Amino acid sequence: MSEKKIRVAVVGVGDFGRNHVRVWREIPDAELIGVVDADAGRAARVAAEFGTHVLDGLDELAGRVDAVCLAVPTVEHARIGCRLLEQGIDLLVEKPMAASLAEADALLAAAQGAGRILQVGHLERFNPAVVAAEGIVTRPLFFEVHRLGVFSPRSLDVDVVYDVMIHDLDILLALVRAPVTDLKAVGIPVLTDKVDIAHARIEFSTGAVANVTASRVSTERVRKLRFFQEHEYVSLDYTRQDVLRIRVRPGGTEPQIEFEKVPTTAEEPLRAELHAFLECVRTRRAPRVDGATGRRALELADRVMAGILEHARRVQLDAFSSQDVR
């Protein structure tokens, strides 16, 4: 395996893009070439903070970098992402991968046509707790998922389904590995003109049912997933990065309850995600969260939003009287 450093850049250095720059600066096998941002002042501040360069635009990337992390607003993902892929640059695009399924398909086609790596930034898939849970899942039949956060002015250009819930939709698809057969959803604007809190009930062809709640207007921060399978209950905390497994063991006159903390190795999910992307660029392996995976999560998020709008029309909720999906 070549030990040559992979040359990387970050396009879009707002709150989350800045974190990409921070982590790339700390990865020995990566050479951070520079940053690109429409806000020249922000680009200069981030470049100065992490000791890298400001690049004038996308045209400066061709031939100078091997890979790019794209963290611009979602509406720009397809336009900029396709351009980078066509320049022969491997791409990690933040979630949601695009503003529509048609734009997601354009990214997929561009990656295939150019023979480039396309990874989607569902970083919770690299959370040590999720990795551990994937190793013990058998036939889950019921999920309870809560991802609640306090209000922040970040990412208010998209509904909470695409900003927050999409993480858990992606993980559900990975754990169940079966088609969705039915879906009901409800959501409302609270502090913005977008959906700020949403709940979905999702049924899969295996018989599994998931209740998923996402909020960005809660009074506390909760990020938990619980699932039940035969004689077993598994509780996952995204923030603590731990997994508790509770099993029933037959024995004696009464069943025995066994508590097991599933082993995990603490790691920042973003760091694990970027390491994985780097290895895909180096080895040309398909990413764990490839473009097709990102598209499936986006498609399910669209179905949740459609369910929210259908419910709003049914109950005649004024906030949605003239709103289309996104």
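Colleague: Quick one to start: which residue follows α6?
Modeller: That's R177, with a positive phi near 55°. Bear in mind that this is a predicted model, where local features need pLDDT of at least 70, side-chain atom pairs count only at pLDDT 80 or more, and totals for chains, interfaces and linings use all residues. Residues are numbered from 1 along each chain as its sequence is written, and side-chain values use heavy atoms, with hydrogens and water left out.

Colleague: And α6 itself, where is the kink in it?
Modeller: The kink is centred on I166 and comes to about 55°. The bend is the angle between axes fitted to the seven residues ending there and the seven starting there. Helices (H or I, at least four residues) and strands (E, at least two) are DSSP runs, numbered from the N terminus.

Colleague: How many of the 17 residues in α6 are buried?
Modeller: 16 of them, so α6 is mostly covered. Buried means under 20% relative accessible area, exposed means over 50%, and partly exposed is in between, with a 1.4 Å probe and protein chains only.

Colleague: What about α3, which of its residues are buried?
Modeller: H77, A78, I80, G81, C82, L84 and L85. That's seven of the 10 residues in α3, which runs over residues 77–86. The cover over them includes β1 (6–11), β3 (67–70), β4 and α4. Just after α3 you'll find G88, with a positive phi of about 85°.

Colleague: You mentioned α4. At what angle do α4 and α8 pack?
Modeller: About 180°, with the axes of α4 (residues 101–114) and α8 (residues 291–314) 10 Å apart. The two helices are therefore roughly antiparallel to each other. Angles over 145 degrees count that way, while those under 35 are roughly parallel, 65 to 115 roughly perpendicular, and the rest oblique. The axes are lines fitted to C-alpha atoms, for helices over the stretch in contact, and angles run from 0 to 180 degrees between N-to-C directions.

Colleague: Which residues make that contact?
Modeller: From α4 it's L101, A104, D105 and L108, and from α8 it's G291, A292, R295, L298, E299 and D302. Contact here means heavy atoms within 4.5 Å.

Colleague: Is Q241 buried or exposed?
Modeller: Buried, because its relative accessibility is 13%. R284 is at 37%, so it counts as partly exposed.

Colleague: Last topic, Q119. What does it touch?
Modeller: Leaving out residues up to four places away in sequence, Q119 touches L91, L92, V93, F126, E273, A276, F277, C280, P287 and V289. Q119 is in strand β5 (residues 118–121) and counts as buried because its relative accessibility is 1%.

Colleague: F277 is on that list. Where does it sit, and what touches it?
Modeller: F277 is in helix α7, and at 0% relative accessibility it counts as buried.
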